[in-house]
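My notes follow in the order I looked things up.

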Amino acid sequence: MAVDATEVLAAAERFPWALAAPAARHWPDGEFLYVALRSVRAEERTGYIERLEAFVEQHRERLEELLRAHGPGSRAASHGRYALIGQPETLVVRERMEANPFGLRSEWEKELETVFLDDLEFAWGPRIRLSR
């Protein structure tokens, strides 16, 4: 059984301190979320929302700093980079960067421009750097 994207997005929305204001959000079609969720392995699907919530709470300080430094209204964002920071679905992307970076990169490269993932990866600083 796949992870329910609607439920995952609702869980991400429960962390307003890690998200841009609703008026500053974009990409409502969910393509980034769907790609990230495809990297959730079968054995991770049960309890995934709880795992995501634990990840967000564990990294609260880091997520708040990321939003301040690279989110909407920041100097970094004014150059058109880091456009995904502050979007609810990127909580899932960052969790996947930590839990399954190779799977995330593989799914992403099939459908999306890697610049968005590269920017998130640079700003987040995961333990494994996959960008070229």
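**Entry 1: contacts along the chain**

Among contacts between residues at least 6 apart in sequence, what percentage join residues at least 24 apart? I looked it up: the share is 77% in this protein. I also noted that the model is predicted.

**Entry 2: the whole protein**

I went through the elements next. The protein has eight helices and zero strands. From the N terminus on, I read them as α-α-α-α-α-α-α-α. The radius of gyration is 14 Å, close to the 14 Å that the globule rule gives for 132 residues, so the protein is as compact as a globular protein of that length. I then looked up the box that the C-alpha atoms fill along the principal axes, and it is roughly 40 × 35 × 30 Å. Of the 132 residues, 48% are buried.

**Entry 3: helix 2 against helix 6**

I wanted a helix pair. Two packed helices are described by the angle between their axes and the distance between the axes. I took helix 2 (residues 31-38) and helix 6 (residues 89-99), which pack at an angle of about 25 degrees with their axes 9 Å apart. Angles under 35 degrees count as roughly parallel, so helix 2 is roughly parallel to helix 6. The crossing of helix 2 past helix 6 is left-handed.

Which residues of helix 2 meet helix 6? I found Phe32, Leu33, Ala36 and Leu37 on the helix 2 side. They meet Glu89, Val92, Val93 and Arg96 in helix 6. I checked the classes in this contact: six nonpolar, no polar and two charged residues.

The spacing made me recall a rule. An α-helix has 3.6 residues a turn, so residues three or four places apart point the same way.

I then listed the buried residues of helix 2, which are Phe32, Leu33, Val35, Ala36 and Leu37. They pack against helix 1 (5-13), helix 4, helix 6, helix 7 and helix 8.

**Entry 4: helix 6 and Glu95**

How many of the eleven residues of helix 6 are buried? Ten are, and helix 6 is mostly covered. The buried list includes Leu91, Val92, Val93 and Met97. Charged side chains such as Glu89, Arg94 and Glu98 are on that list too.

I picked Glu95, which lies in helix 6. Its relative accessible area is 3%, so Glu95 is buried. Leaving out residues up to four places away in sequence, I found that Glu95 touches Tyr48, Arg51, Leu52 and Phe55. I also checked Glu95 against Tyr34: they are 61 residues apart in sequence and 14 Å apart in space, C-alpha to C-alpha.

**Entry 5: helix 7 against helix 8**

Helix 7 brings Leu104, Arg105, Trp108 and Glu109 to the contact. Helix 8 brings Thr114, Phe116, Leu117, Asp118 and Glu121. By class, I noted four nonpolar, one polar and four charged residues.

I looked at what is buried in helix 8 (residues 114-124): Leu117, Asp119, Leu120, Glu121, Ala123 and Trp124. Their cover includes helix 4 (48-58), helix 5 (60-70), helix 6 and helix 7 (101-111). Just after helix 8, Gly125 takes a positive phi of about 70 degrees.

**Entry 6: Trp108**

Trp108 sits in helix 7. Is Trp108 buried or exposed? Its relative accessibility is 0%, so Trp108 counts as buried. Setting aside neighbours within four places in sequence, I listed its contacts as Phe32, Val35, Leu84, Val93, Glu113, Thr114, Phe116 and Leu117. Trp108 and Glu31 are 77 residues apart along the chain, and their C-alpha atoms are separated by 10.0 Å.

**Entry 7: Ala20**

I ended in a loop. Ala20 lies between helix 1 and helix 2. At 6% relative accessibility, Ala20 counts as buried. Apart from neighbours within four places in sequence, Ala20 is in contact with Arg25, Leu67, Pro72 and Gly86. I also looked up Ala20 and Gln87, which are 67 residues apart along the chain, with C-alpha atoms separated by 6.4 Å.

Note on methods
Residues are numbered from 1 along each chain as its sequence is written. This is a predicted model: local features need pLDDT of at least 70, side-chain atom pairs count only at pLDDT 80 or more; totals for chains, interfaces and linings use all residues. Side-chain values use heavy atoms; hydrogens and water are left out. Axes are lines fitted to C-alpha atoms, for helices over the stretch in contact, and angles run from 0 to 180 degrees between N-to-C directions. Helices (H or I, at least four residues) and strands (E, at least two) are DSSP runs, numbered from the N terminus. Angles under 35 degrees count as roughly parallel, over 145 as roughly antiparallel, 65 to 115 as roughly perpendicular and the rest as oblique. A crossing is left-handed if the near helix is turned anticlockwise from the far one by less than a right angle, and right-handed if clockwise. Contact means heavy atoms within 4.5 Å. The radius of gyration is taken over C-alpha atoms; the globule rule is 2.2 Å times the number of residues to the power 0.38. Buried means under 20% relative accessible area, exposed over 50%, partly exposed in between (1.4 Å probe, protein chains only).
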